[in-house]
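Please keep the structure open while you read.

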Amino acid sequence: MNVLELNGLVRSFPGTLAVDRVSLSLRAGEIHGLVGGNGAGKSTLIRMIAGLITPDTGTICSNGVRMDVWDTNSAERAGIVTVHQEGEFFPTLSVAENTAHASGFPRTRGGLIDWATLHAQCQALLQGCPEQAHPQRLASSLSNSARQLIRLAAALHQKPQLLILDEPTAALSHHESEWLFQKIRQLKSDGGTVLYISHRLEEVLGNCDRVSVLRDGRLIATTPAADWTTAALITAMAASSSDETTNMTTSDATQTGHNALLPADETQFTEGPTPPGRNSAEAAIVITWPNSRRPEGVDKLPVARGQIVAIYGLIGSGRSSFAEKIMQLRERDGLSISINNQELTGDTPRRMLREGISLLPEDRLTQSVFATHTIRANVVLSSLYQTGICGLINTAVERRASHRVIHDFNVRCSGTEQTMQTLSGGNQQKLLLGRCLLGEPRLLILDEPTRGVDAAARLDLYQAIRDTASCGAAVLMLTSDLDEALEQADSVAVFRNGQLQQIFSAAPQQRSAVTAAAFGTNRGSDQAAPLQHPDSTDTAKSSATRTETTPSAADTSGRTPIGVNQRFLNRSEFILAVAVCGLILQLKTSASGFQLFSVLHAAAPWCVLSLAAMVVIIAGGIDISIGSILAVAAAAAANVLQQPLPAAISLPLALVTAIVTGACCGLINGWTAVRFHIHPIVVTLGTLTIFRGLVILMLGRNAITGIAPELHFLSLHEASGFRTGIVVAAGVVIAAAVWLRRTQTGRQLYAVGSSANAAFQCGLPVRRIRILSFVISGALAGLTGIMQLSSSMQMQGTLGNGWELTAIAAAVIGGVSIDGGRGTVIGVILGCILLRLSGTALVHWGIPDHHLQLFTGAMLFLAVAVGGSRRGGEHRHG
């Protein structure tokens, strides 16, 4: 019986056909291997099966039933669990919560989260797992291998009908991999199905029943694993799909000569043509690794002038890290670069540019392009010191240089003053390459130079790269496209596990050898090695990991998950509580007439408004319009109270009107930000002004007075003098604490703020949760509005003006992370009370009231600095 059938699935992205008419059946009780090279379509196929993306065409059948709608909910109902290759944890949540977001939280009879049961379930699923992390330990303090093991244990504990594992052993040691293989064989014996994706062919052949091969988005073959050999798999994956797609050079392009397998001694290299104006003695650039750190592979990478060397490797092989080390963008770990036996000593990217080393990064949009700047500004950026005079910009020289790049690279544009964001990806890439060449580099490093560009632009880039080499520059071309490496380079250097393994001549007949080196397999042996892990150094790594992640280490780390810790107060909250108590004692003893309940009464509306700010920040956003929302809601309630209605009707109606008005304003903010993918601060900056304008329209030029005196009960009970505002605020605080800590929706709010990508992979409704955070924030702001109205008994147009900044400050001082995913209700309340007490203390000490802003700003700065330091420590620990 087939648990899942894929029929003719097609999925394309702009300029790329990722999956092309793939039909695949997965049987019950089998381990099915899926292999393919970079760009074969494996990840896209997995995401379609998991329901994360939808196919353009084709059908999916689950247990023989055709599914007309297939999304994450459909995959979950079908019993499909996926452990992604780059799956994320929620770093600010505990281990127990991370395991529960995919499978669901246990509930009490009242529908609240049962934390005791959750922690027990977490301990049970980790039973026998090589990683024994404490259920309440923060995920940010775990190592990569520990996170992967917990992900795998959580997925296996669900006993899925179909378990999809994408490169599951990439971060695991040999011992940990053995544990995984034992578990998936047990799942198979229980009738479950495993789809196993890996670049480690020995694992695939040693543990799978059938193996399917993907190449260029197409399914090449599906046969029993016993019929495959390692060599046959490599051949199937490495074969060129078609001459049309691999032969990207024009008929009149002149290729540089291909060399034989390169010698280790750089002095045996044949130099390319000597460029005009350069000394021919500049022969070879040599990149060297220290021998003490080279247990395998090659310790030197020589690159001759005029030569193109392709750096090839699978995803995660360390290609980009190697380029960044050369440019001093990360620690070199002993890596050295020398030209003519003289080692380059530049220790910053700027100095490496001056040394003649230039890098075109892989991520064009985030690492290279200044989208809103002109072509001229982008092109000359790296060579401003050459075009300027005494530090002043020479616009004429810049224009000439930009025109030359546009002409030489055949860039289609209207002129040098056109902005980069209006150009196609191919034209942007040409200009960036031109920017690199303006500095006349001795070594040009190109990381995936043709990714995301069309075929015509790719031809132009190839020609430009060859022209650059023919002028004497040495070129390192980092690529995951084997066809590109073999056709455009003189030699191919293969990386695996962050190390240079072998260097080959760039000839078509070397295809299988290059692929075998990238996969770390021996073409001379066709025997599969089940349960064997290719990394010989992982045993030591496993020992280090075990030392780092033992239960005792977790227990003594001092880190407990925010919102679910067993202590009443965490460390930052304890410090705030001490500060609050200290101020109260000081004012009690030194300030005559100080009344604590008066301060708490004045702080009550601020506490509710600070919770409104907190909810959005925890979800990963920010709302700077809550002060205006407060005013709109209060104005709407005041207008209701002006109507000739009995108090028994007008008062509840005004209360509901304020809350609903605030919720509607929040809905506008949330929907706009999510629907149009606009940062919340931009949206709420606009609505801040719009809502304030609505207040003016509702009030005219006059304040609303003569509010029904019955409304005053929300603030103060006249007969007894009891401060009811404190009770209202306390009720909101308790409700917020229960919602955020004890309900699944509340914990999902933390999850989305902690990692939206991880939440999406878990099937959480990320967009809905973000909108909900704005709606609840708006409702709380509306409640604050009517609370303030009941206190002042008049509505003025300036009500709430600037209050949002104080509310946000109170939330951040109370421990809410501005990055999202972290914060507690009690911390926010303590932060709010501390600010109110500080204002009272400053008045008592004779300090002008406006100095409170200075004090608030200093506390906010300190809170952000401490929070950033804490998060940095957690990341370093993990």
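**Notes on the predicted model**

1. Start with strand β17. L443, I445 and D447 point one way from β17, L444 and L446 point the other way, and all are buried. Buried means under 20% relative accessible area, exposed over 50%, and partly exposed in between, with a 1.4 Å probe and protein chains only. β17 covers residues 443-447; five of its five residues are buried, so the strand is largely enclosed by the rest of the structure. Helices (H or I, at least four residues) and strands (E, at least two) are DSSP runs, numbered from the N terminus.

2. A word on the basis. This is a predicted model, where local features need pLDDT of at least 70, side-chain atom pairs count only at pLDDT 80 or more, and totals for chains, interfaces and linings use all residues. Residues are numbered from 1 along each chain as its sequence is written, and side-chain values use heavy atoms, with hydrogens and water left out.

3. Next, the partners of β17. Strand β16 (residues 357-360) runs parallel to β17, and four bridges join them. I357 has L443 as its bridge partner in β17. Strand β18 (residues 474-479) is also joined to β17, in parallel, by five bridges. There, L446 stands opposite M477 of β18. Two strands pair if DSSP finds at least two bridges between them.

4. Now a helix pair. Helix α15 (residues 395-408) and helix α16 (residues 425-438) have axes that come within 10 Å and cross at roughly 125°. That makes α15 oblique to α16. Axes are lines fitted to C-alpha atoms, for helices over the stretch in contact, and angles run from 0 to 180 degrees between N-to-C directions. Angles under 35 degrees count as roughly parallel, over 145 as roughly antiparallel, 65 to 115 as roughly perpendicular and the rest as oblique.

5. Which residues make the contact? On α15 they are A401, R404, V405 and I406; on α16 they are L431, G434 and L438. Contact means heavy atoms within 4.5 Å. The residues divide into five nonpolar, one polar and one charged. Ala, Val, Leu, Ile, Met, Phe, Trp, Tyr, Cys and Pro count as nonpolar, Asp, Glu, Lys and Arg as charged, and the others, Gly among them, as polar.

6. There is an open sheet to check. Six strands form it in the order β6-β7-β8-β3-β9-β10, with mixed pairing. β6 (80-83) and β10 (218-224) stand at the edges with a single partner strand each, so one side of each is left without a neighbour in the sheet. The twist averages 15° from one strand to the next.

7. Inside that sheet, strand β7 (residues 162-166) and strand β8 (residues 193-197) run parallel, joined by five bridges. L162 stands opposite T193 in β8. Helix α1 (residues 42-49) lies across β3 (31-35), β6, β7, β8 and β9 (210-215), and runs at about 150° to β7. Helix α8 (residues 230-238) packs on the sheet too, touching β3 and β9, and its direction makes about 30° with that of β9.

8. Q182 lies in helix α6 (residues 174-189).

9. Finally, the whole chain. It has 33 helices and 20 strands. Of its 878 residues, 53% count as buried. Among contacts with a separation of 6 or more, 73% come from residues 24 or more positions apart.
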